[in-house]
Amino acid sequence: MAEKVTCDVCGSIYSFQAIKIPVRDKDSIECFVCDNRLKSWNGAKMWSAELLERHENHKPNPAE
Ligand SMILES: [Zn+2]
């Protein structure tokens with residue numbers, strides 16, 4: 001099962017793939033570009049992330 005995830009900080013697009021594992025795992029994946037936490041989990045399933053499109057839309061824009 002693949003899931004498309006967009007980082008709401010920098011706009012980078014990832015494909016997340018769920019992997020079933022035999023033990024309980026507690027971990028998280030941060031955005032490779034800006035370190036925003038994209039997903040965290042706690043259970044017999046982990047996620048691997050593949051960067052599809054890199055964006056860096058995190059320039060500060062105080063006017064808006
Ligand atoms: Zn990001």
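Trainee: Which residue in β2 stands opposite K4?
Mentor: The residue opposite K4 is S15 in β2. Please note that this is a predicted model, in which local features need pLDDT of at least 70, side-chain atom pairs count only at pLDDT 80 or more, and totals for chains, interfaces and linings use all residues. Residues are numbered from 1 along each chain as its sequence is written.

Trainee: How many helices and strands does the chain have?
Mentor: There are 0 helices and 3 strands. Along the sequence the pattern reads β-β-β. Helices (H or I, at least four residues) and strands (E, at least two) are DSSP runs, numbered from the N terminus.

Trainee: How many bridges join β1 to β2?
Mentor: Strand β1, residues 2-6, is joined to β2 by 5 bridges, and the two run antiparallel. Two strands are said to pair if DSSP finds at least two bridges between them. Besides K4 and S15, E3 stands opposite F16 in β2.

Trainee: What about F16 on the β3 side, which residue is its bridge partner there?
Mentor: In β3, F16 has A49 as its bridge partner. β2 and β3, the latter covering residues 37-53, pair in the antiparallel sense over 14 bridges. Within that pairing, A18 stands opposite W47, and E30 stands opposite R37.

Trainee: In what order do the strands lie in the sheet?
Mentor: The 3 strands form an open sheet in the order β1-β2-β3, with antiparallel pairing. β1 and β3 stand at the edges with a single partner strand each, so one side of each has no neighbour in the sheet. From one strand to the next, the twist averages 40 degrees. For that angle, axes are lines fitted to C-alpha atoms (for helices over the stretch in contact), and angles run from 0 to 180 degrees between N-to-C directions.

Trainee: What holds strands together in general?
Mentor: Strands of a sheet pair through backbone hydrogen bonds, either parallel or antiparallel.

Trainee: Changing topic, what share of the chain counts as buried?
Mentor: Of the 64 residues, 8% count as buried. A residue is buried if 20 or more other C-beta atoms lie within 10 Å of its own, exposed if 12 or fewer, and partly exposed in between, with C-beta atoms placed from the backbone.

Trainee: How many residues of each strand are buried, then?
Mentor: β1 has a count of 0 among its 5 residues. β2, residues 13-30, has 1 among its 18 residues and is hardly covered. In β3 the number buried is 1 of 17 residues, so β3 lies largely in the open.

Trainee: Let us turn to the loops. Is S12 buried or exposed?
Mentor: S12, found in the loop between β1 and β2, is buried, because 22 other C-beta atoms lie within 10 Å. Leaving aside neighbours within four places in sequence, S12 is in contact with residues including C7, C31, L51 and E53. Contact means that the C-beta atoms of two residues, placed from the backbone, lie within 7 Å. S12 and E53 are 41 residues apart in sequence, yet 5.6 Å apart in space, C-alpha to C-alpha.

Trainee: You mentioned C31. Where is its place?
Mentor: C31 is in the loop between β2 and β3. C31 counts as buried because it has 22 C-beta neighbours inside 10 Å. Beyond four places in sequence, its contacts are C7, V9, C10, S12, N36 and L38.

Trainee: Which residue in the hairpin of β2 and β3 takes a positive phi?
Mentor: That is D35, with a phi near 70 degrees, in a hairpin that has 6 residues between the strands. D35 is not a glycine. Most residues other than glycine have a negative phi, and most peptide bonds are trans. D35 counts as exposed, because 11 other C-beta atoms lie within 10 Å.

Trainee: And which residue has a positive phi in the turn of the other hairpin, between β1 and β2?
Mentor: There, G11 has a positive phi of about 85 degrees, and 6 residues lie between the two strands.
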